[in-house]
Amino acid sequence: MAKRTSVGTRLYISVLSVFVVFATAFIIFQHTREREYKIDALDIKLQDYNEKLGEIMQMQKNWSEHDLDRYVDTHDMHGLRVTVVNMKGSVVYDNMYKNYNRMGNHLKRNEIADAINRGSGHAISRLSNTLKHTYFYSATAFPKQGIIIRSALPYNNDLAKSLQTDQHYLWFSLVTMLILILILYRFVSRLSDNINKLRLFATKADHNESLDTEDLIAFPGDELGEIAERIIKIYKRLQKTKEEQNILKRQLTQNIAHELKTPVASIQGYLETILENPHINEETKEQFLNRCYAQSQRLASLLQDISTLNRMDDAPVMANSEKIDISKMVNNIVKETALQLAEHEMTFCNHLPGGIEVEGNSSLLYSIFRNLTDNAIAYAGKGTTITLSAQQQGKLWHFTFSDNGVGVSHEHLERLFERFYRVDKGRSRKMGGTGLGLAIVKNAVLLHGGTIMVRNNPDGGLRFDFTLRSRQSN
């Protein structure tokens, strides 16, 4: 397969071709224009001479041939030839050839014919039939006098050089064109480098090859190079993010499998014991079945929490938004957990003012306050107090949920909102926690446009500070 010409090369050849054609056409045009200008200048000079001679001949009607020869000789143009022709084409005077009968009729001479038709005419480098020499002719007609005066200069090397285009201009044009070609080559070369590197990047990215190569380290310092570098950096950042997400997904999958394995193994173990021992006493069988039921409840809670987190991950835009009375919701949670609070000899001090209304999803808002309450009941300690308060600041409600329990070591605080993270794994499983409650709390707060942070109280226990947007009145 033949190697394709690069985009940069094709662009360079195309632009260069257009530029060379344009430059060549311009040089030819300028060359022709300058030559015509010099020819016109010489023609005007000779026409002027013809006009002056015609004025003198008109004033002095009885000029002799000798007088005309003397006048022509006084001119400073070397080799000047002057011929006077009547309107019938016959030569009546010539300063270089005196045998007029042998000169023939001049009506068909180009310069003479143009002078008769248009008043003046010229001929460049025409051979004289009389003198057998090449001349530059310029003729002027004088109808009132019935004559045509033609002056001519020998078309020798000196005259030919004077009519040529200035060579300095041609060299200047060529040098300028060469410089522009080099600038164009440098520009297109840089453009081609960028395109080739982008193509290399695209090929490596398509084949999942490493992008940390020398070919992709630096780009030329222009706009396209800057754009190319940013594209590669964005792609690398996305790849890195994708890798991190894959790692998190693997870790999450491993954690889920590990968390599910414990209750499943317990249920399986109890049931196997019952099945393999048909004569087991009823009291032991009931105890095993109760433990199976407890593990099944823990398994159901775990699956429900995982489902809740997946819904929040898959649908970050909050759906089913409605007006929620937080004060009423918290009062219900206090009633629902009254038995658990009594078992742990705990007190729930609800200092929320009445009528706190928030726009949001009822299920997710409920999960915030219920999970914080369950977490405090499970880990704050026996005989502790839970305190919940709130203050409105502008469009936000600032909530403080705290307890005066054992608290958490400082190194664990930043990881409390991670999924399946536990400070004391053995105690957490024993208490029936799934390890997802605080992760659900954080995601639910963020989905409602709020923020949340956790810290230890100075006097002991945990403190959660979070915000929720207040309901906007219509």
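This report covers model confidence, one hairpin and the aromatic contacts of a predicted structure.

## Basis and confidence

In this predicted model, local features need pLDDT of at least 70, side-chain atom pairs count only at pLDDT 80 or more, and totals for chains, interfaces and linings use all residues. Residues are numbered from 1 along each chain as its sequence is written, and side-chain values use heavy atoms, leaving out hydrogens and water.

The protein chain has a mean pLDDT (the predictor's confidence in each residue, from 0 to 100) of 78, and 77% of its residues reach 70 or more.

## Aromatic pairs

The structure holds eight aromatic pairs. Rings of Phe, Tyr and Trp (its six-membered ring) pair if their centres lie within 6.5 Å; planes under 30 degrees apart count as stacked, over 60 as edge-to-face and the rest as tilted. The ring centres of Y135 and Y137 are 5.8 Å apart with planes at 45°, so this pair is tilted. Y135 is buried (under 20% relative accessible area; exposed is over 50%, partly exposed in between, with a 1.4 Å probe and protein chains only) at 5%, and Y137 is buried at 1%.

For F369 and F399 the centres are 5.5 Å apart and the planes at 75°, so the pair is edge-to-face. F369 is buried at 2% relative accessibility, and F399 is buried at 1%. Ring pairs link F369, F399 and F466 into a cluster.

## Charge over a ring

R81 lies over the face of Y135, 5.6 Å from the ring centre. The criterion is NZ of Lys or CZ of Arg within 6 Å of the ring centre and within 35 degrees of the ring normal.

## Hairpin

Strand 1 (residues 81-86) and strand 2 (residues 91-94) pair in the antiparallel sense over three bridges. Strands (E, at least two residues) are DSSP runs, numbered from the N terminus, and two of them pair if DSSP finds at least two bridges between them. T83 stands opposite D94 in strand 2. Four residues lie between the strands of this hairpin, where G89 takes a positive phi near 95°.
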